[in-house]
Amino acid sequence: MSQIKRIGLDTSKAVFTLHCVDANGQAVLRTNLRRAQMAIFFKNLAPAEIALEACSSSHHWGRNLAALGHEVRLIPPQYVKPFVKRAKNDRNDAEAICEAAGRPGMRFVPVKTTTQQAQGMVLKVRETLINQRTQLVNALRGHAAEFGIIAAKGISQITPLLEAIEAETVIPSDAKDMLGLLGQEIEHLDTRLDEIELKLTAAHKANALSQRLATIPGVGRIIALTLATEVDPMAFQSGRHLAAWIGLTPKEHATGGKQRMGGISRAGNERLRRLLVTGATAVIRFAARPGNQHASEWLLKLLQNKPRKLVAVALANKIARIAWAMMKSGEAYRRAPTARTVTATLAA
């Protein structure tokens, strides 16, 4: 046991597989532990480096193992996969995790605190409920259209749609009952979402970093909270590394000195990437309006030569880099000169 320097730990609900190596990288122990045996085993083990794949329960085990004096390293699953030899099973997975953790250039995920996980959970539950409401709204619209009742787009049009369904005499009572049930479920979700919105508003007001990030054009309360709770600026060397982790940089294929750039990589945090692109789209929508204060000369020139969707991704990339700089330095957002400001300065 004293020879163990690094452990690759493959987690599951009940059985945990360990691959232990010494200072020379030679395997000295391969074993399985039940969940109840985990605390006893690692409590009696001398401090060692323990590597796990970053998954749903890895932060929980990371906190517990770190409290016992061990050094915990969480590895993204996509970085472990190349080290899996032949068949995929628990023993090979644990060995691959141990091997990946020993690479000098390996990247690791910081272990989250319970507070960080709780704040992130509020955002994720909100998104889940919104998706469920969207499914119910689409089902209601689809079933209503089967009886010739059509409503305008938007969640605000659900109440008029339900009133039109109730007033329609040709719809059988069974169908009206089912459509009414969908309406009740939508109303129930609306109530739950309103409660979550109040929690998020309070969390945003209590978080100085979130309020500072919300001053960036295209960054609202939800994006600011997501950045503040789920992104550790110290884990990235630069803002470009953060943008690449989010998946906002192009995929590169280079060989023989020839470089080809493709679409965005879509790596990392899918929810954060979607939020940033949505926020950038909102900025672009109002960029050409007279008196707009967020339309920089760079953005307007890009809109003249590139498709709007491509510009939205480019602007989302820029927002991510600005957010990293603000989080790393602690500085406030410095607004870039707008096209109108630049013109006025040159004229003067």
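**Figure 1. Overall view of the protein chain.** Of the 348 residues of the protein chain, 36% count as buried, where buried means under 20% relative accessible area, exposed means over 50%, and partly exposed lies in between (1.4 Å probe, protein chains only). The model is predicted: local features need pLDDT of at least 70, side-chain atom pairs count only at pLDDT 80 or more, and totals for chains, interfaces and linings use all residues. Residues are numbered from 1 along each chain as its sequence is written, and side-chain values use heavy atoms, with hydrogens and water left out. The protein chain holds 14 helices and seven strands; these are DSSP runs numbered from the N terminus, with helices (H or I) of at least four residues and strands (E) of at least two. Taken along the principal axes, the box filled by the C-alpha atoms is roughly 75 × 70 × 45 Å. The radius of gyration of the protein chain is 26 Å, whereas a compact globule of 348 residues would have one near 20 Å. This radius is taken over C-alpha atoms, and the globule rule is 2.2 Å times the number of residues to the power 0.38.

**Figure 2. Strands S1 and S2.** Strand S1 (residues 6-10) pairs with S2 in the antiparallel sense over five bridges; two strands pair if DSSP finds at least two bridges between them. A hairpin of four residues joins S1 to S2. Asp10 stands opposite Thr17 in S2. Strand S2 (residues 15-21) is mostly covered, with six of its seven residues buried.

**Figure 3. Strands S2 and S3.** S2 also pairs with strand S3 (residues 27-34), in the antiparallel sense and over seven bridges. Leu18 stands opposite Thr31 in S3. Five residues lie between S2 and S3 in their hairpin, and Gly25 in the turn has a positive phi of about 85°.

**Figure 4. Helices H5 and H6.** The axes of helix H5 (residues 114-145) and helix H6 (residues 158-167) come within 11 Å and cross at roughly 35°. Axes are lines fitted to C-alpha atoms, for helices over the stretch in contact, and angles run from 0 to 180 degrees between N-to-C directions. On the H5 side, the contact (heavy atoms within 4.5 Å) is made by Val137, Leu140, Arg141 and Ala144. On the H6 side, Ile158, Leu161, Leu162 and Ile165 take part. The residues of this contact divide into seven nonpolar, no polar and one charged. Here Ala, Val, Leu, Ile, Met, Phe, Trp, Tyr, Cys and Pro count as nonpolar, Asp, Glu, Lys and Arg as charged, and the others, Gly among them, as polar.
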